[in-house]
Amino acid sequence: MENPVGLAYLAAGIGSGLAIIGGGLGIGKLAASAMEGIARQPNASGDIRGAMIVAAGLIEGATLFALVIMILLVIK
Amino acid sequence: MMLSAFLLTLALAQAPHQEPAAPTPSPVAETAPTPAEAHSEGAAAPAAAAATHEAPAGEGHAAAEGGEHGGASAVLMHHVTDEANYRPLGLPIAIYSKHLYFLVVAMLLVILAARLAIASYKNGEPSGIGSVVETLVVYVREEIAVKNIGHDGAKDTPLLLSFFFFILFAALFGLVPFTATATGNLSVTLALALVSFAAQMHAGISKYGIAGHFKNLVPHGLPAPLLIVMIPIEIMGMFTKPFALMIRLFANMLAGHMMIAALLMLVPLCAAISQTLGIIMIPISVGMALFIMCLEVLVAFIQAYVFTLFSAIFIGMYAHPAH
């Protein structure tokens, strides 16, 4: 291994790309079905919005787990 | 609750140990500072903190002499991680750590807001801040506490309110320049998650006893091989839920501030390439940083709400097990 630090940076870069793909797809699907639900029943939009925010928080949490690992890779 | 969070943070204060390269002084070495050492470190800290967010050109250049990436990331990390012997407003007081100082400020702001709201009751909320606080309090009590914990959820409302307001104020306060976000520190969020964990344990154990609480983790009437699988999963789940709360809050706050700092540091990085490019980048990067700051306000609200909501859900799961 010539340069483990360089490999760590490379891994952090690739990893953050993969993480954002996962997070973006997840929240995209979530937003799509939330929009469809609001379109079908506009008077349930308050409940749907609340549930959407909760689910977005969970998905973001998982994405940020990966981000924390990558920050660790870059720092150490 | 905030007092216990503060004490827990003090006890867990490995806080300012996430170091970049050289600039940030390690407070592990500062535990017994000699006066001369404190003076020199203190002199370094305001010089480093005096670099404004709008024009970090001087510091960026000074740190860029150690290599482009090394200098830039060091400046970035210095802006988002903790800093020992912080001197607020240049007063000759050296505080142990910057995040701890802003934690106390956020705590005092919450208490101040609550007192002002209570004092504005004449015969039902004529004043401004009281009505806002009352709306939020009623929202937390009805939508979050009672809906998720059950009919007796209203007695857990003070804890949930403390979570909500403290996280909200800490996050909003961290957007002001020259401040730091207290919840952007792993020890602070660990303390909050531990308080939430203690509340969950209390909710379960005070109703069912220790053995009953652990028996409620798994559903009744399961066949034995399934029980052998379920018990470690449930026990691990008991610990990973507050852990997830902690990481979610910490990473959201940290990521937001890192993005703001990185966008603003585009200016000296481009200025190192050419002067005019640096000047062109100033409105672009300040505009982008302003947009991210607006997003951060939204994220502050959402993260406070999510933390409170999940605490309520977990407390409800242990107080009224659905199995």
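Select helix 2 of chain A, residues 45-75, and colour its buried residues: A:E60, A:G61, A:T63, A:L64, A:L67 and A:M70. Buried here means that 20 or more other C-beta atoms, placed from the backbone, lie within 10 Å of the residue's own. Helices are DSSP runs of H or I with at least four residues, strands are runs of E with at least two, and both are numbered from the N terminus. The model is predicted: local features need pLDDT of at least 70, side-chain atom pairs count only at pLDDT 80 or more, and totals for chains, interfaces and linings use all residues. Residues are numbered from 1 along each chain as its sequence is written, while chains are lettered from A and ligands numbered from 1 in the order in which they are written.

Next, show what surrounds those residues. The buried residues of helix 2 of chain A pack against helix 1 (4-40) of chain A and helix 9 (224-264) of chain B.

Now check the length of helix 2 of chain A. Its end C-alpha atoms are 43 Å apart, which agrees with the 45 Å that 31 residues should span at 1.5 Å a residue; the expected span is 1.5 Å times one less than the number of residues.

Zoom out to the whole of chain A. Chain A has two helices and zero strands, and its C-alpha trace spans about 60 × 15 × 10 Å along its principal axes. Of its 76 residues, 8% count as buried.

Axes are lines fitted to C-alpha atoms, for helices over the stretch in contact, and angles run from 0 to 180 degrees between N-to-C directions. On the chain A side, select A:E60, A:G61, A:L64, A:F65, A:L67 and A:V68; they meet B:A244, B:I247, B:R248, B:A251, B:N252 and B:A255. Two residues are in contact if their C-beta atoms, placed from the backbone, lie within 7 Å.

Finish within chain B, at helix 8 (residues 186-215) and helix 11 (residues 275-319), which pack at an angle of about 5 degrees with their axes 8 Å apart. These two helices are therefore roughly parallel (under 35 degrees). Residues to select in helix 8 of chain B include B:S196 and B:A199, and those in helix 11 of chain B include B:S311 and B:F314.

Definitions and conventions:
A residue is buried if 20 or more other C-beta atoms lie within 10 Å of its own, exposed if 12 or fewer, and partly exposed in between; C-beta atoms are placed from the backbone. Angles under 35 degrees count as roughly parallel, over 145 as roughly antiparallel, 65 to 115 as roughly perpendicular and the rest as oblique.
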